[in-house]
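Take a look at the structure below.

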Amino acid sequence: MTPVPLPERPDLYFIVAALLLVIGIFGLLRRRTLIGMLISGELIFSAASLNLMTFNYFKAPDPTVGQIFVLFIMGLAAAEIAIALSIIIAVYRNYRSVKTKELSELSG
Amino acid sequence: MTEAITNLVKLLATEPYRLLVFLVGMMAFVGLNAAYLVWVERKGAARFQRRPGPTEVGYAGLLQPIADAVKLMSKQLIVPAGVDRTLFRVAPLLMMSPALMSLAVIPWGENLAARNINVGLLMIFSFASINVMAIMLGGWASRNKYAIISAARVVSQNVAYEIPMLLVAITMIMVTGTMNLNEIVQQQAGAFWHWNLFRVWINPLMPVTFLIFYTCMLAETNRAPFDMAEAESELVAGAYTEYSGMGFGVFFMAEYANILLGCALATVLFLGGWQSPFGILSGVIWFLLKMYFLVFSVVWIRWTFPRTQFYGLLNLSWKILIPVSLLTLILSSAMIKLFHHA
Amino acid sequence: MEAPPDNAQLLSDCSPYVKFAKLDEMLALGRANSLWPLTFGLACCAIEMMAAGASRFDLSRFGAEVFRPSPRQADLMIVAGTINKKMATAVKTLYDQMPEPKWVIAMGNCAISGGPFVFPGQYAVVEGVEKLFPVDVFIPGCPPRPEALIEGLLKLEEKLTGKRRWPVVKSE
Amino acid sequence: MEPAPTPPPSPALPNALAHLPIPFQAVDYAAKGYHLDATVNPDQVVDVVSLLDKEGLALDTITGVDWMAQGQMEVVYDFFHLSKALRVVVRTRVPRDNPEVPTIQKVFPGANWHERETHDFFGIRFLGHPNLTPFLLPEDATFHPLRKDFVS
Amino acid sequence: MSTFPASQMIVGGVFLMCAATTVAGALLAALTARIIRSVCGLAISCIGLAGLYYFLHSPFLALMEILIYVGAVCVTIIFAVMLAEPDEPVRDDKLGSTLLWGSFAFVVCAAVFWGLWQLGTHQDWTVPVARVSDGSIQAIGKSLLTTYSLAFELISLALLVAIIGALALARTGRDKV
Amino acid sequence: MKNSLKEIFTGFNSLVTGMRITLGEFFKPIVTVQYPHESLKMPKRFRGHIELVRDPETGKAICFACKLCERACPSDCITVEGAKLDGAKKKSVTEYKLDFTKCSLCGSCVEACRDNAIRYTHQYNLASTNREDFIMDLFKRMEDDAKANPMPETPKPEVAPQPPANEAPKAEQPQPAAPAQPN
Amino acid sequence: MITKEVISPPGAPNETFVINLGPQHPATHGVLRVKIVMDGEYVVRAEPICGYIHRMQEKMGENRTYAQFLPNTSRIDYLSAMTYTHGFVGAVERAAKLQVPPRAEYIRVITSEMNRISSHLVWWGAFLLDLGGFTPLLYAFDDREKILDLLEAITGSRLTYSYYRIGGLYNDVDDDFIKGTREFIAQMRPRLKMYRSLVTDNIILRKRLIEIGPISKEMCRKYGATGPVIRGSGIPYDVRKVEPYSAYPEFDFLVPTCEEGDSMARYLVRMEEMVQSLRIIEQALDKLPSGPVMAEKVPRVLKLPAGDYCYAVEAARGRFAVRIVSDNKEIPYRVKLRTPSLSNLSLFEEASAGMLLPDALALMGSLDLVIPDIDR
């Protein structure tokens, strides 16, 4: 029996997705700037998308569903980026800083 | 013997080899073309200005690009103090590679594409969007005020012009019903009125669509009159100000490779690709003829007009091109729905 | 600023041990035929420099019409005009910003020696661009005709390649 | 784009500014190249210039002359009229060892550069000038080359 | 592909390269101190991810990933970086805390992977999958405009709101200064 | 709306007109004088650097080192030395140095010379890698010329020099015919 | 025009940055340096810094005799050298009470106007180069070569003519010149029409110039701007009309003006001036009197009577005035050169505030600067 070719092994995708998720969470927690956190957030989105696609490809009967969901995720991510960046720029203009530590006014 | 040849052909026909051969061939072709487009540009500019242009280096200056290449390669590469070294070095490559990769899906002739994929059109657009990143990173990494202003301009310009370009692409996808470039060309077989440019019965605004595409192509490749990125009289050399030697050379080549790509794409989408205008004797020669005519017109435009003002450029995109391209999109879909499909 | 080894220097250092003759020749030929000047005019001579680039005389025949606005991409600095003491530092900086190998043409009498603006007790003019950095070709005149600039370019090519490819024009 | 009417021929000049309280002297234009000439004290300069401004004259130039033998510096203000042939010269003299004149930059903003240039060349200080730094000379220049005793 | 003997290996290699690119890009994005490199990391990661999508037989998605993430999202972020220029502040915490965070992350990673693995292999999925469509662009288009038309509309609405919101935010931010 | 449409139309039209004009120029013949292969003829009055004129009868320099040119030169680029040769009535020039790198080609020297002893050359394409090439010894130059061709063929003042500033001009013809002389 | 209110309220964060245009920059046509404080792409404050080509012209005036100073005048504004020499020569002649023969005056007018056309052609090309169009520069230089050929044939030099002499001219013109000039006029008129359809009507150019960089009449007066700048703002000030000199009163020509005061107005004024110059040359050629070209009795050693003497001419960039202060010696006591570019540029700081960078550079180009003319 020939070994399963690498691209056909779901576990590899899972590893990548898990790594992406963890790196994303790690970055989200460790980053001190808003844009850095945003980027980490994007990584988490990517992890979710990859996971969805993997399950869809290997386990689901309709291969379009996963793609459509990922497309939706992309759309949402784009929207989120637009909003988030405009907030960041507005914050920057008002407070001259995008470092989360210095934005105590926001929480208080 | 014949068997061996058949085997060889079979081997070549298999994907990886074919891809490899075509990619290498494509790179050589693009490299040569980009170099000689510079020559065409210089010769053309000279003739528009009633002078001979390069004549002394080789016959009719044909060795000029080679002399330039030799010189650029042997120049000192200055990486100025304070720049972001990695990004500074990566940016030219990032500019060059997407253009090369995109050219792999262009069908130069029947069965003459490195890779005939179903989403060829999409691939070109998605890779083209990487260009912006490249100029931007180059400008940013240079740590030079002119370069940064230029980078900011490039982004707003390319974002503004990507929208009408994509809208036109969607129109074309709708009209042709496919994203496969090979199929798009095949649909335009026959005499020249079968070309998409003249298919006014599908969309009466087809020539306008072509003009929009052409304008956007000029803007996306930062060509005059939209060359805000390297507006010499304002920003010195714009994003490329700090680049010397081959770093600049690669940017320079990539610019011409992008022009080549834009013109090739316009040829495929609107001018019937390799199809001959008379319905017979189709072949790669027609493709090249059409493409070089477009390239010539790009040179022609550059040496005719002054540069647009930056807000004029954005106004043109947001106030004219986007509404009109939306109009053509809607019009085509309506026409297709009403007259051409069930 | 990083100073990587100068290619030309490296080559000439190695030449006793390695035969670089052909390569050298090719490089010289390439360089000589693709001299991109810096867009840099100072005074009257700059107009003649522009005229030399214009249709009547056309520098582009020698591949030298690619005037680069950024010193990083230029090979040749045509100092066309008077350099005064206020400008001298800027010119020097420009020269330093150009990547090796680079050449300088002093066009016009002002660039060669300060020209007619030198008089006893003068306080402003640098008496010749040679005081700032080495010059390869001198073109006298006030201002020199565009042909003289082309001739200077040919002289520079001759200096680079060691032979003159063009006929010598005798005036009269 | 319309062609402008030809300006009227010059009026009888000596009295053109006669209503102003300035001791103008009429000068033969053909011989000298200007019509009216006035020498005033340094502290009157701003007032005189304001009056000329109200008359609609434009500032031509400001310059200095170093009269070393007399130990004086002369500051010369040239004005011209925009529609008739009327050139007015206003002069003032200051001691050479302490040349100070009030600035007319508030009246004619264009005087800014002319005054800086005059300061460059002669070392005449224009009191109240916002930015009396070297204009044509290098930024760190401390010499005044057009003084007659200048040696480089 | 089957006619080419080493194609299995090449394909496997390319696959691993994609996976590695994805992870390496993500690491760069999360760890580097300079924001601009972080964005580059995101872009690299997205390109790798696009490769993975390609292996999952959805080239359309792969190209959309590049178009949207690299061409739009990353460019926008770099643009914002240019406007705001926030470099990461120099970290003052000690090695110990980094190790702590790292090991914590590793544990989470393992847990997540284990969970996914369990889910993927041991759950009772309908195997083998009977494909009801070929996953082509046509199929996606049809689904988008039939089954998922509501979601599609909602996403469009969200995007519209986002654009307007972004415009409003950016404008007021500027005017206040 | 109508106005903006009109603007778009006229704008587009202007672009097309521009492109038509440049295309027209594209097909016109070139205007370039391809310098090392062909060259322009300098006009008779062209002011190159100066040179000493030889007397058509004796073949010697006309100049007798009166130093008027030296004094007239605004940028001090001429140095003349003369000496009385044995049995000669007048001095004759023994050294004539021109520092061409300072010259402003104003022509003061030629106008100052009362005997047409100096004239302009038509050297218009000087260039050298050596600056010293332009500190010229005009006397030596003339001597070399004398060795090459002992007698100047025709008396030819380069430019029919107009009366210099200090002489009252002769009443001239309204349009003087250009003196026919080969160059 | 898009401009921005540039004065930030007090306490607002400072978002500006400084860029240094020049002294070597393609847009400054030489060695002007402009220190621009920018807010994004908007110019907050643009301060020109001059002196990078200061060549001591006024100092040299005190070191040389009147005749020796003549070549210098060609090098102040090398693009309209004739008019500058005219200004200096005129001042000396006025002081020495020399009567210049009419033929000389006519030839002065012809050569000055040809020089004006060639100067405007260079401006036109360089301005278009600023705006990013390269080809017009070469067309302009092409036409300019024709003028230079004509002038070189009579003066012997292409740029720094030194053609006028105190009391007349260096030498007379010949038939070839007159014939050539007539030919040139016939060639130039259609070329100007071609320029119009190639450039003036071009939509891109119009969008870039119309309503960009307005300069008011009052600003012109306050800063002493002259030449096409002031005429572009609607004031018909032209030295040739207001203080007529030389043979100008004998010719029929118009002083073109535009009310708008924007960059396009200055552009149109210069284009129209070329047409008017052609008219003047044509009339002068028709009426060219015969006679000598040098005044009688020009003293060998010229000493001007003590006093100060002014003379103003209309150079291509505006009013050029010379003030000679004499103390009855061979060399002047003081030579003051009032150059138009200096006054024209001095209003740039005020006029450019709040503009976008490319617009500000278009404004600078429309002022038609020659830097040695500012720095002298």
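Start with chain E, which has six helices and zero strands. Read along the sequence, its pattern is α-α-α-α-α-α. Bear in mind that this is a predicted model.

How much of chain E is buried? Of its 177 residues, 40% are buried. The accessible surface of the chain is about 9700 Å². Carbon and sulfur atoms hold 73% of that surface. Now consider how the chain contacts itself. Take the contacts between residues at least 6 apart in sequence. Of these, 49% join residues at least 24 apart.

How confident is the prediction for chain E? The mean pLDDT of this chain is 75. A value of 70 or more is reached by 74% of its residues. Confidence in chain E is highest in helix 2, residues 35-55, at a mean of 86. It is lowest in helix 4, residues 95-122, where the mean is 74. Over residues 173-177 of chain E, the pLDDT is below 50. That stretch still has twelve contacts in the model beyond near neighbours in sequence. Where pLDDT is low, the predicted coordinates should not be read in detail.

Next, look at the surface of chain E. A nonpolar patch is formed there by L150(E), L154(E), L157(E), L160(E), V161(E), I163(E), I164(E) and L167(E). Together these residues have about 820 Å² of accessible area. Pick out one of them, L167(E). It is found in helix 6 of chain E, residues 149-176. Is L167(E) buried or exposed? Its relative accessibility is 54%, so L167(E) counts as exposed. The cut-off for exposed is over 50%.

Now bring in chain A. The size of an interface is often given as the accessible area lost when the parts come together. Chain E and chain A bury about 7200 Å² between them. Of this buried area, 77% is on carbon and sulfur atoms. The contact takes 88 residues from chain E and 70 residues from chain A. How many salt bridges are there between chain E and chain A? The count is zero.

Move to chain B and find helix 3, residues 64-73. This helix is mostly covered, with seven of its ten residues buried. Which residues of helix 3 are buried? They are Q64(B), P65(B), A67(B), D68(B), V70(B), K71(B) and L72(B).

A cis peptide bond joins E100(C) to P101(C), with omega about -10 degrees. P101(C) sits in the loop between helix 4 (85-97) and strand 2 (103-107) of chain C. Another cis peptide bond joins C142(C) and P143(C), and its omega is about -10 degrees. P143(C) lies in the loop between strand 3 (137-139) and helix 6 (146-161) of chain C.

Finish with phi angles in two other chains. In chain F, A65(F) is not a glycine, yet its phi is positive, at about 55 degrees. The residue is in the loop between strand 1 (50-52) and helix 2 (68-72) of chain F. A65(F) counts as buried because its relative accessibility is 3%. In chain G, S162(G) also has a positive phi, near 50 degrees, and is a residue other than glycine. S162(G) lies in the loop between helix 5 (135-155) and strand 4 (164-165) of chain G. With 2% relative accessibility, S162(G) counts as buried.

Technical notes
Residues are numbered from 1 along each chain as its sequence is written. Chains are lettered from A and ligands numbered from 1 in the order in which they are written. This is a predicted model: local features need pLDDT of at least 70, side-chain atom pairs count only at pLDDT 80 or more; totals for chains, interfaces and linings use all residues. Side-chain values use heavy atoms; hydrogens and water are left out. Patches are made of residues with over 30% relative accessible area and no salt bridge: like charges are joined within 9 Å, nonpolar side chains (Val, Leu, Ile, Met, Phe, Trp, Tyr) within 5 Å. Accessible areas come from the Shrake-Rupley method with a 1.4 Å probe; for residues, only the protein chains shown count as cover. A salt bridge is a side-chain nitrogen of Lys or Arg within 4 Å of a carboxyl oxygen of Asp or Glu. Helices (H or I, at least four residues) and strands (E, at least two) are DSSP runs, numbered from the N terminus. Buried means under 20% relative accessible area, exposed over 50%, partly exposed in between (1.4 Å probe, protein chains only). pLDDT is the predictor's confidence in each residue, from 0 to 100. Contact means heavy atoms within 4.5 Å. Buried area is the accessible area (1.4 Å probe) that two parts lose on being put together, summed over both.
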